[in-house]
Amino acid sequence: MTNKHMEIALVLVLIVVATVIFHWLSPWWLTEPASNWGEIDAMLIATLVITSFFFITINLFIAYCLWRFRHKSDDQRAAFQPENKKLEWALTLFTTVGISAMLAPGLWVYSDFVTVPKEASPIEVVGQQWQWSYRLPGKDGQLGKSDISLINAKNPLGLDSQDKHALDDILILNGPLMLPVHETVQVFLRSKDVLHDFYVPEFRVKMDLVPGLVSSFWFTPTRTGSFDVLCAELCGVGHYNMRSKITITSPDNYQSWLATQPTFQRLLNQQSRSLNQVEQGKELAQQQGCLACHSVDGSASVGPGWLNLYGKQEELTTGEVVQVDDDYLKRAITAPNTQIVTGFAAIMPAMPLDEKQLTAIIAYIKSLSDKSDIQQDKEVP
Amino acid sequence: MTAPDTHSTYGPQSFWWKYIWSQDHKVIAIQYFITSLAIGLVALVLSWLMRIQIGFPGALEFIDANAYYQFLTMHGMIMVIYLLTAMFLGGFGNYLIPLMIGARDMVFPFLNMLSYWLYLLAVIILVCGFFVPGGSTGAGWTLYPPQAILPGTPGSDWGIIFMLVSLVTFVIAATMGGLNYVTTVLQARTRGMTLMRMPLTVWGIFIASLMALLAFPALFVSGLMMLSDKILGSSFFMPAIISMGQDPGYSGGSPILFQHLFWFFGHPEVYIVALPAFGIVSDLISCHARKGIFGYRMMVWAIVSIAALSFIVWAHHMYVSGMNPLFGFFFATTTLIIAVPTAIKVYNWTLTLWQGDIHLTLPMLFSVAFISTFLIGGLTGLFLGNVIVDLPLSDTYFVVAHFHMVMGMAPVMVVFGAIYHWYPMVTGRLLNTTLGHWHFWVTFIGSYAIYFPMHYLGILGMPRRYYAYEDYSFIPPSAQDLNAFITVAALIVGFFQLLFLFNLIYSFFRGEKASANPWRATSLEWQTPDIPPTHGNWGAQQPTVYRWAYDFNVPGHSSDFIPQNTPVMNEGKDHEIR
C-alpha cells in the first residue's frame, strides 16, 4: 500500500515539463501584429510569465507534498495545524502584489484604448448576415448621417441623402477594404440585423457590431499587407463564412484605389436611370446577402456558386437529377431546404421575395451562365 | 422534532412512495443524480460530434452547419445548467445537507419533491426541443438576441421557444430547491452544529444556493422577455433591424440589455457550480490527507467574499460587446480582486497536504486533479479578466480552453472524487478501483491533452464557434493537425466516462461491501446508525455535535480522527478555535 499511486507526483512534474516544452516548441503563437495594439502582446506575455510562475510553483509544490507526505506506515501521523494567520496574510499580500502587477499596467494601456487620438479619421464598418460593407468619408472628412429606416434596395447602408456629409461618402459594398499605413482611424461599427464582431487577428483589438447603436474603437495600421477580416460574434448559421479582406497599403496606392470607388452621390445618380432586370437582380443579391454564400466567380462557396449554374444538371441528395431552370430556382429561393444539392448543407433560410424580385434575381443568375438560352416553357417577361 | 418509535417506521414502505413520489431528501438526490447524468451523457455525445467536425471536417455527413451550431448550443447549455448546477445543488446538496448538519430531512420535503419533478419536466421540454420542426436552437448557449429569434439561426422557430420554456421551468425548480437548502441550513442544524462547525461542503452548497436565489431571477426574466419578443412581438431586446432584407417590425429594444441580464446570472452561475466543488474538495482533501483543512475560517470567508464579489464582475464577459468601454476599468478591477480569495483557497488546499498523512485514494487523486486543472483555469482567467489582454483573446479558443478547464474539468473532477468518496455511504459498496484508476488517469491527463494546446490556438487568433476554418492566411495548416489530435483525445476521454458509468452500475451489484465508515471520516453523514442511512437518517435520537469537522490527528489522541458527535475531553486550548 505504501508507494501506491505515487505516479501522481511524477505525472504532475511531467505535466509541468510538458507544458513548458509545448510552449517553446509550439508553432501556434501570436501572429505578427499589424497595428499599434501590438503593444498588448507585451502585456499578454507579462501575464503569461507571472501566471506561469504560479502554475509551475504550485503544481511542483503539490507534487513534492504528495511524495514527501504520502502514507508510508500506519503509525504515521499528520501534523495538527488548523491555521497560521501570519502565513495566510503573507500569501494574501504576495498574491495581491502579483495581481496588481498585472492589473495596473493593463489599465494603463486600456486607458489609451478608450482615448481616441484627435487625428483619427473616421471609417465605418457595416455588418449584415453574412457580409461586410464599409464606408469611408469623402473630401469633407466626415461620415454623413445614417438610419436603419433609410435602408432599401437602392440605399443598402441607409445613408441620409438630405445630409451633405453623406453624399460624398464612399461606399464599399461587400468589401474588400483598403487603408493607408500609419494613419490612425476610428472605426464606427453598425449592424443591420444581428450581433457581429469585426475581428482582424493581426490588429489585436476587436469590437462587436450591435444593431440599434454605433460602437467604435481606434487603431493605427503599422505595416502593409493583406489581412483576413473575420466575424467573432456568433451571428447565425453563416457565421464562420462571414469574411472579408483588408489591405494596408502606401498612402499613394490608397489614394488611387480610393478614386476608383463610388460615392453615395454617384450611386444615387446611377439609380435615377432605370435599371434593367439583370442590374436589379445583382443589386438585390447584394442587398439580401445572397452573395455571402453564393460565389459568382466560380470559387468555392457555402452554397452552390452562381457562375454557369443556370442550365446545369444538379444531383440532389435524394439521387434525383434536376435541370436548373426558372422553376427550379424559384423553388430553391422560396423553399430552399426541400431539394438539397449533393455536397451542400440544408442551411439556407427561405427568402421572402415577391414575384418581381424573384424574376430579377433569376435574370441575374441567368446572366452569369453561358447556357442561359436553354429552352424554356415560359418566357421571362 | 419528536423522535419516531423506531426509525424503520419513519418513512413510507411501498415502492412507489418510497422511490418514485418520495419526499426523502436522499431519494430525491438520487433522482436528481440519475437524471442529470442521463442528460449529461447526451451533452457528452454532442461534444464528440462537434469535435469530429472540427478535427475531421466533413467526416460525418449529417453534421452540417445547422447541426453543428445546434450541437454546440445544446452541449453548453446542458453541461452548465442541466448537469453541473442540477447535480451539485439537487444531487449533492440534497443528499449531504441534512446528513451533514444532523437533520432528519429538508425542512420542506414536499417542495423538495416538487423541485425534482419540475427539474425533470425542464429536462423533458429540453429534449423535446431536439424533435420540433427546425430542430433545437443553434444560437449558442448564451442565446444572444437578436439572432436567437431570427431566421438565419437554426431552431429560431420552435427550438428557441422550447429552450426558453425549459430554462424558465428549471429556474422555478432551482428556486424551490434553493429555498429549501438555505432554510434547512439556517433552521435545522442539530444541537451543537454552529455555523462555524459546518463542514466546508455545507458552506459551499449553502452559499451557492443563496447565490442561485439571487442570480437565477435574472435568467428567469430575460427568458420571459425574450419569449415575449419572439411570440408577442414586443421589443425588449430587439432594435429596428433589417433581417434578410425584411423589416421584422421591431424597434427600440436593446440587445446589450439581454447581455447584462444574462451575465448578471451567468457569472454568479460559474460560482454556483464552483463553490459546492470548492467545499466538497476541501473535505475530500482533509479526510484523505488525515489532516484538518488548513485555515478553515479563511476558507469560509473566502467562499463568502467570492460569492459577494461574483455579483459585480459580470460585464467582463462583455468587454467587446459595444457597451460603454469605460466600464472596462471597473469590471477588470473587481475581476482581478476576486482572484485573491480564490488564490487563498488554492494555497489552503495545498497547505492542507503539507505534513499530512496522504492516502492516495481515488477521491484524493481526483482532488489533486481538481487543484491542478482549477489552477490553470483560474490563472488563464487573469488574462481574460484584464480588459486589455482580453481584447485579442475574447471569442477565441483561448476562452473555450479557459472555461472548460475552470468550470468544466475542475468541477467534474470534484464530482468524480465525491462519487468515489460517498458511493459507499449511498450504496453500501465500494466502487471498483481498477476501473476507477483507468478512469482517473485518462480523465486527468486527457484534460491537459485536450485543453492545454487549445489555449495556443486562441493566442494564434482562431475564433470559436466556427463550423469550418478554410483558407485563412493566419492559420497554418498544422492547426488542423492539432485539432485532429484534440479530437482524438476528446473521444478517448469521452469513452472512459462510459467506463465510469459502467462502474457505477457494476459496483452497485458486484462492488466490494464497504465498512460503516470506510474513509474514517469525522463528519456526521458517516455517523448514522444505518449505512446507507434510512428515511429520517438518525434513528431514535438526532446527534449532538461537540466539535468541528476537521479533528484529524489531534495531538494526544490515539485515533487519527474524532467524529463530530464525540464529546470533548481534556483537549486543551487547541479546541478553542474549533
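**View 1. Helix 2 of chain B passes helix 15 of chain B in a left-handed crossing.** A crossing is called left-handed if the near helix is turned anticlockwise from the far one by less than a right angle, and right-handed if clockwise. This is a predicted model, in which local features need pLDDT of at least 70 and side-chain atom pairs count only at pLDDT 80 or more, while totals for chains, interfaces and linings use all residues. Residues are numbered from 1 along each chain as its sequence is written, and chains are lettered from A and ligands numbered from 1 in the order in which they are written. Helix 2 (residues 25-55) and helix 15 (residues 478-510) of chain B have axes 8 Å apart and pack at about 160°. Helix 2 of chain B is therefore roughly antiparallel to helix 15 of chain B (under 35 degrees counts as roughly parallel, over 145 as roughly antiparallel, 65 to 115 as roughly perpendicular and the rest as oblique). Axes are lines fitted to C-alpha atoms, for helices over the stretch in contact, and angles run from 0 to 180 degrees between N-to-C directions. Among the residues of helix 2 of chain B that meet helix 15 of chain B are Leu44(B), Trp48(B) and Arg51(B); helix 15 of chain B contributes residues including Ile486(B), Leu491(B) and Gly494(B). By class, this contact of helix 2 with helix 15 of chain B has eight nonpolar, six polar and one charged residues. Ala, Val, Leu, Ile, Met, Phe, Trp, Tyr, Cys and Pro count as nonpolar, Asp, Glu, Lys and Arg as charged, and the others, Gly among them, as polar.

**View 2. Helix 3 (residues 65-101) and helix 6 (residues 200-232) of chain B cross at roughly 130°.** Their axes come within 10 Å. Helix 3 of chain B is thus oblique to helix 6 of chain B, and passes helix 6 of chain B in a left-handed crossing. Residues of helix 3 of chain B in the contact include Phe88(B), Phe92(B) and Met100(B), and those of helix 6 of chain B include Val202(B), Ile205(B) and Ala212(B). Two residues are in contact if their C-beta atoms, placed from the backbone, lie within 7 Å. The contact of helix 3 with helix 6 of chain B divides into 11 nonpolar, three polar and no charged residues.

**View 3. An open sheet of five strands in chain A has the order 4-10-9-6-7, with mixed pairing.** Strand 4 (177-180) and strand 7 of chain A are the edge strands, each pairing on one side only. Two strands pair if DSSP finds at least two bridges between them; helices (H or I, at least four residues) and strands (E, at least two) are DSSP runs, numbered from the N terminus. Neighbouring strands of this sheet are turned by 25° against each other on average, direction ignored. Helix 5 (residues 251-259) of chain A packs on the sheet and touches strand 4 and strand 10 (244-249) of chain A. The direction of helix 5 of chain A makes about 140° with that of strand 4 of chain A. Strand 6 and strand 9 of chain A pair in the antiparallel sense over two bridges.

**View 4. The contact between the chains takes 93 residues from chain A and 103 residues from chain B.** Among the elements of chain A that each supply at least two residues to this side are helix 1 (7-25), helix 2 (39-68) and strand 9 (225-231). By class, the side of chain A that touches chain B has 56 nonpolar, 23 polar and 14 charged residues.
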